[in-house]
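Me: I have a model to go through with you. Can we start with the overall picture and then look at one helix?

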Amino acid sequence: MDTLRAARYPFLPEAAAFAEKESEGLEQLLSSPSYMDARKRGLARVMGALENHEIPDATLIGTAQDYNRLMEVLSYPYARMLVSVIDDRLLTKKYALAEAVRMNTLLHQDRDSLSTVAADLEVKAQNNPDGTVSIHFADFLRYSYILKAVEWKLINMDVRRGFVRLESTKFDRLLQNALQNRIEDELPLTVPDRFKPFLQADIDHISMVLAETKRRLSPTGGEAVKDGYLPPCIRAIIASAQAGMNLPHSARFALVSFLHALGMNYDQIIGVFAQSPDFDESVSAYQIKHITGELNGTEGYTPPECGTMKTNGICFNPDELCEHIHHPLNYYRIRAREGKQRNAPPAQPAELPKD
Amino acid sequence: MPDRFTKREFGFIPFGRTMQRHLGFTSPEDLRAFLISRVPAHSYYSTAYYRYPAKPVMEEKEWMGAELIFDLDADHLAGADQMTYSEMMVQIRKEMISLVDDYLTSDLGFAPEQVHLCFSGGRGYHAHVRTDDIFTLGTHERRELVDYISGTGLDLDWVFPLQQDAVFSRNLGNGTSVATVHRYRLIPAPEEGGWKHKMRRALGDVCVLLETADPKDIKKEFPSVKGSDPKVLARLGAHLKGAEHDMFARNSMADLDTHEQDLLIKILGQDVAPRLASEIDKPVTPDIKRLIRLPGSLHGKTGLRVTPITRDELTHFDPLQSAVPSCYTDEPVKVTMRRDLSLDILDQSLTLHGETEVPEYAASFLIGRKYADYGWLSERSERLF
Ligand code: SF4
């Protein structure tokens with residue numbers, strides 16, 4: 001058994017086999033002092049993903065390498081249990097991405113493992129003598145379509161008899177997406193209730209940092225949406241909606257996705273429409289749930305940027321701040337920051353940050 | 001018959017009524033029995049496989065995958081309204097052959113037995129691809145395939161990349177040096193695939209034409225250079241005669257001047273690439289929950305059979321010879337032609353005008369395609385409906 005490979009790519013079946021052979025089961029992993037290092041490393045995987053977008057490196061060669069490799073392999077199921085119990089979309093995404101990036105980094109210096117890993121991820125591919133990799137076009141499409149760029153369009157690819165020929169770094173990027181997809185699909189695992197007390201301390205720790213991260217990411221800084229910070233376009237659309245005007249689809253879409261991005265939930269968003277004289281919840285409900293992703297359990301759509309708003313003819317009354325930004329959400333962020341600075345006791349000169 | 005039969009949804013339009021869908025069948029025999037008892041005008045099945053194909057709400061069917069569909073329809077051909085049915089069908093057959101040979105079984109590498117071809121019963125052809133590799137592809141991924149096949153988003157700077165060589169550099173003595181840069185385009189190597197391969201081959205054809213045709217014909221063939229000076233085109237042709245061999249041996253246009261290279265790129269991008277592309281009906285392929293005509297069934301508007309065919313049969317396929325169902329007789333039927341028409345159907349050559357009589361199988365086609373009306377106008381009072 002290649003224990004180094006198992007430790008590097010703990011999602012491989014050989015890692016599971018290694019763990020089964022050398023350890024004493026999940027109960028022990030969760031509770032026994034012998035596995036403290038695995039649990040610590042598991043927590044470090046999740047925290048690294050959350051705070052630094054990466055899984056920190058580990059020493060897998062040299063003194064005590066057998067022990068280190070076993071701990072590394074076991075840290076993987078532990079980390080997955082943590083993420084599963086918290087079951088938060090942002091955390092799961094960040095974690096899956098970080099694990100995938102780590103695999104990508106390791107594969108760079110470890111080309112021998114490439115075909116094993118690709119086969120495990122069910123990616124049909126083979127190495128070519130000239131250093132390029134051929135990947136089946138269907139797998140290429142599956143893992144490239146989120147990389148929206150001309151250089152990833154199939155039509156601009158060297159396609160031969162069903163296989164796309166790629167430079168190896170590009171191929172690695174697709175494998176990364178494949179692992180990320182797989183982990184996102186697999187999580188959350190069902191973690192038995194009797195395990196949860198053992199996980200609680202680590203979960204509390206992660207949850208706290210997660211809440212803080214979310215607050216930082218949110219355009220409203222975790223606070224309620226303030227009308228005064230809304231960009232002119234959104235304000236105009238709200239005004240028309242409340243006056244009972246029939247909104248064109250693009251405006252409705254922009255409004256709902258914008259409010260959703262500010263963190264407003266379904267009830268709050270429908271509240272905006274409810275003030276319209278001919279309000280009909282059954283009509284709006286479906287659209288809102290579709291745009292916010294509630295309908296199919298996704299994250300929903302991101303609101304359109306200013307360019308798109310202009311193209312659609314719904315960039316209403318842009319003001320002087322609008323000249324400096326490219327996205328209505330940034331308008332809100334900047335106004336919110338200005339507002340805070342105005343209220344903060346030692347007033348700082350409000351400087352206009354570049355978008 | 002579609003594979004994975006019990007996972008398909010079926011839909012039918014009975015004569016003169018609206019679509020009845022969300023039907024599932026447990027066996028081909030059940031379906032056959034249904035068809036015989038109801039005789040629908042149009043029969044469809046889902047390209048998708050569902051866990052519960054007969055559930056009435058799409059969300060509850062649980063999509064498991066779908067075959068990959070390509071649809072070519074004469075409606076999309078330029079100038080289709082000026083063509084007779086047979087002319088249209090010859091054109092669209094050419095398109096279909098190119099779709100299969102240049103894309104499906106070559107670039108995309110499908111085996112011939114994975115590509116199921118079908119005359120649609122109307123004015124086109126369908127290709128159904130069935131292999132495990134593609135069943136789970138989503139809408140986005142299928143749209144990329146459409147772009148590939150329809151030539152959408154082709155980046156000519158990828159096909160013919162710009163190369164820059166510093167030819168010499170001169171030191172001015174004060175620490176600055178001046179380099180003369182030679183910029184030219186590369187030509188894809190012969191072993192390269194995809195659109196690079198297509199464009200290298202096409203460039204060869206373009207060169208031959210430029211070398212041999214006179215400027216007037218060149219402009220007719222390549223409208224993108226309509227505004228160019230005929231002398232420039234003639235000079236390019238003469239230049240290519242000497243340079244072409246080296247160009248293709250070195251995979252580079254370095255011997256041509258910038259303007260000549262630009263002309264070639266313009267022709268290739270604007271005139272040639274669209275011709276290499278296939279005219280598939282773009283919205284059909286990405287729709288992973290579509291109903292499509294059931295092979296073997298009748299097309300209620302033409303009376304022709306939705307006919308499965310092999311690639312070899314496609315080469316000479318004529319729907320009016322091979323898709324006329326045997327259930328029609330050759331009993332004479334009175335029709336009134338809306339316009340004069342010659343029609344080769346089965347082994348009959350018919351020249352038709354005004355009030356006439358034709359075999360039943362021809363009548364169903366003529367009336368369905370609105371070339372004729374049922375009965376004789378002069379006996380109108382006899383019409384029952
Ligand atoms: S520039 Fe942007 S933020 Fe400003 S009104 Fe237009 S779309 Fe809205």
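Me: What does the secondary structure of chain B come to?
Reply: Chain B has twelve helices and 17 strands, counted as DSSP runs (helices H or I, at least four residues; strands E, at least two) and numbered from the N terminus. This is a predicted model: local features need pLDDT of at least 70, side-chain atom pairs count only at pLDDT 80 or more, and totals for chains, interfaces and linings use all residues. Residues are numbered from 1 along each chain as its sequence is written, chains are lettered from A and ligands numbered from 1 in the order written, and side-chain values use heavy atoms, without hydrogens and water.

Me: What does the C-alpha trace of chain B span along its principal axes?
Reply: About 100 × 55 × 30 Å.

Me: How much of chain B counts as buried?
Reply: Of its 385 residues, 48%, where buried means under 20% relative accessible area with a 1.4 Å probe, protein chains only.

Me: Switching to chain A. Why is helix α8 of chain A largely enclosed?
Reply: Because eight of the eight residues in α8 (residues 137-144) of chain A are buried.

Me: Which ones are they, the buried residues of α8(A)?
Reply: Phe137(A), Ala138(A), Asp139(A), Phe140(A), Leu141(A), Arg142(A), Tyr143(A) and Ser144(A).

Me: And what covers them?
Reply: The cover includes β2 (133-136), β4 (163-166) and α9 (168-186) of chain A, together with α4 (139-150) of chain B. Contact here means heavy atoms within 4.5 Å.

Me: Back to chain B, what share of contacts between residues at least 6 apart in sequence join residues at least 24 apart?
Reply: In chain B that share is 63%.

Technical notes: Buried means under 20% relative accessible area, exposed over 50%, partly exposed in between (1.4 Å probe, protein chains only).
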